[in-house]
Amino acid sequence: MINETEKYLCDVIKSLGYDIEKVNLVPSSRRELGDFQINESFNLGKINHENPRDIAEKIVSKLDNRFTNVNIAGPGFINVSFNHDVLCDYLNKGINDFNIFVDKKDSKTIIVDYGGANAAKALHVGHMRSANIGEALKRLAKLLGNNVIGDVHLGDLGRQAGMLISEYKRMEPNSVFFDKDYKGEYPKINLTAKDLGIMYPKASLDAKCDEKRIEEVREITAEIDKGNKAYIELWKQMVDISKEVIKKVYDKLNCHFELFEGELDAFKYIKETLEIMKPYLYESDGALVCDVEKNDDNKPMPPLLVIKSDGATIYATRDLATIYSRVKRFNPNEIWYVVDERQGLYFEQIFRASYKVGLVKDDTSLKHFGFGTINGADGKPYKTRDGGVMELDTLINLIHDEVEKNIKEEIVGEERNRIANTLSIATLKYADLLPYRKTDYVFDPKKFASLDGKTGPYVLYTLVRIKSLLKKSLDTDFSLINIENKEVLDILVKTLEVNNILNKSYEEATLNYITEYIYDLLSLYNKFYNNNNILNEKDDDIRKTYLAVSKLVYNIVHNLLDVLAIDEVDRM
Ligand code: ARG
């Protein structure tokens, strides 16, 4: 509606003989004068050497009756409110159809690289941020019309492979995987995810004080890189086991990937990738590197290391090969990387190298959407007591203990469990998506789980209230009819912002506009809810209007939560 009205206003101003491209209808800074304001007169006055107030008068004289309460304030601010019938007609559609708030903007093919867990290792806090932000950005891009493909890009090559295989060798020294002369099919290994979870820390501990073991791990890792069939087969099986566990964790976070690929999958494209890069690679201390510096750089931009001096591939080699494979298979317009801001320089190097050697065309955009760290109370990245990275499970448990306290005592057993779980994830996700993407934030379970303020529980609790209100109501059909109540009108005007909020979030690739908006809208709703006795309202038109407002707010927030991949509860 705002968009349409802005177009209309543009036409009106043009019809007065002025040149103008876009008119902004903005929420009024002085609501007593009107719901929205139009500030275009000033710019037009400047350009055309005319008094803005005169221009405002001319515009106002042309406006049709979609507006009421049209007035000019001060030197030329135009204030308008929407005619109530127009507003009701429009928003009545929104009660059941969220699409009226969405304009499909783009139809690009976008690959979103997010998640990034490492095989055979526990997910840590950084992986959670990537998962939450990436999934939401993906859903947002989809909602706005794009064809979006999410890829988890697992870290499934590297030292952990060497560690696990060396450990397996100690457990099963006679396995055919370690028989160099073995030519047959390799058997299925008999390990569970739990076994892997025990094996990795054990190997890693043993290797710490054993030089020989470290050498062995290094050797196995290098062998995999060189294409050792037995080790690759063994490692792939381990990765598959680990994938099942990782998928379950992502399921818990409501993250669902179209592609569940990783560095291992990029492996087969390395040869072709290097072939393309060859003319741009040169030797430096035995390694192969690619210059990515530009003349106007104002920070150091070291060459990108592509192949190590011992001939081994690294993280970067696999990222380059992944780009090659993505372009070849999906021909994307954009690839987004939702990865810790601290990998910013690395991605800058990767992107520059990709454009330079022609792995991607100039009009393909590669974007790194970095995010800030989750900090402890000391303001430093959140660590375990012994200085290790904080695992996701620990975070979930901390939140779980807090949200439990918000659930009514009468809810027990299996249901209580289910609600606590949903609420924990919602709490964690809402807190994670609340700050601007690049901002670091302090992990504070008490604050996040509070029923007051900008929190998941506040949001879900308000929705529970609305759902129960609608269930209790005897009216089955209702719509916006009489919107004289100021609190109702405030809510309705606020709902007109949804479209803008979605676009802003998409353009800046950050979800904070959506989380903040949900809070603002629900705060208005709660004020209205507390001051009006909705179900007992005697006037039919007013009661039906109140119910319709409730349903409208519910529908909007429900759909916005769906973008954020946050599930609701039915009671708590
Ligand atoms: N596995 C990496 C890590 O744990 C993140 C992967 C990010 N994606 C990428 N294409 N490099 O840091």
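1. A cluster to start with: Tyr 315, Tyr 337, Tyr 346, Phe 347 and Phe 351 group into one aromatic cluster. Please keep in mind that this is a predicted model. By the ring-centre rule, the count of aromatic pairs comes to 29.

2. One pair deserves a look of its own. The ring centres of Trp 336 and Tyr 506 lie 6.3 Å apart with their planes at 50°, so this pair is tilted. It links distant parts of the chain, since Trp 336 belongs to strand β10 and Tyr 506 to helix α19 (residues 498–508), 170 residues apart. Are these two residues buried or exposed? Trp 336 is buried, at 3% relative accessibility, and Tyr 506 is buried too, at 10%.

3. Now the strand that carries Trp 336. Strand β10 (residues 334–337) pairs with strand β11 (residues 365–368) in the parallel sense, over four bridges. Within β11, Lys 367 is the bridge partner of Trp 336. Between β10 and β11 the chain passes through helix α13 (residues 344–357), and this β-α-β crossover is right-handed.

4. Please also look at the open sheet of four strands, ordered β1-β2-β4-β3 with antiparallel pairing. Its edge strands are β1 (25–27) and β3 (67–73). Neighbouring strands are turned by 30° against each other on average, direction ignored. Helix α1 (residues 2–15) packs on this sheet, touching β1, β2 (36–38), β3 and β4, and its direction makes about 130° with that of β1.

5. Lastly, two charges over rings. The charged end of Arg 66 sits over the ring of Tyr 8, 3.6 Å from its centre. Lys 247 lies over the face of Phe 260, at 4.8 Å from the ring centre.

Conventions. Residues numbered from 1 in each chain as written. Predicted model: local features only at pLDDT ≥ 70, side-chain atom pairs only at ≥ 80, totals over all residues. Heavy atoms only, no water. Pairing = 2+ DSSP bridges. Helix = DSSP H or I, 4+ residues; strand = E, 2+ residues; numbered from the N terminus. Right-handed = clockwise from strand over helix to strand, strands pointing away. Axes fitted to C-alpha atoms, helices over the stretch in contact; angles between N-to-C directions. Contact = heavy atoms within 4.5 Å. Phe/Tyr/Trp six-rings, centres within 6.5 Å; stacked < 30°, edge-to-face > 60°. Buried < 20%, exposed > 50% of the residue type's maximum accessible area, 1.4 Å probe, protein only. Lys NZ or Arg CZ within 6 Å of the ring centre and 35° of its normal.
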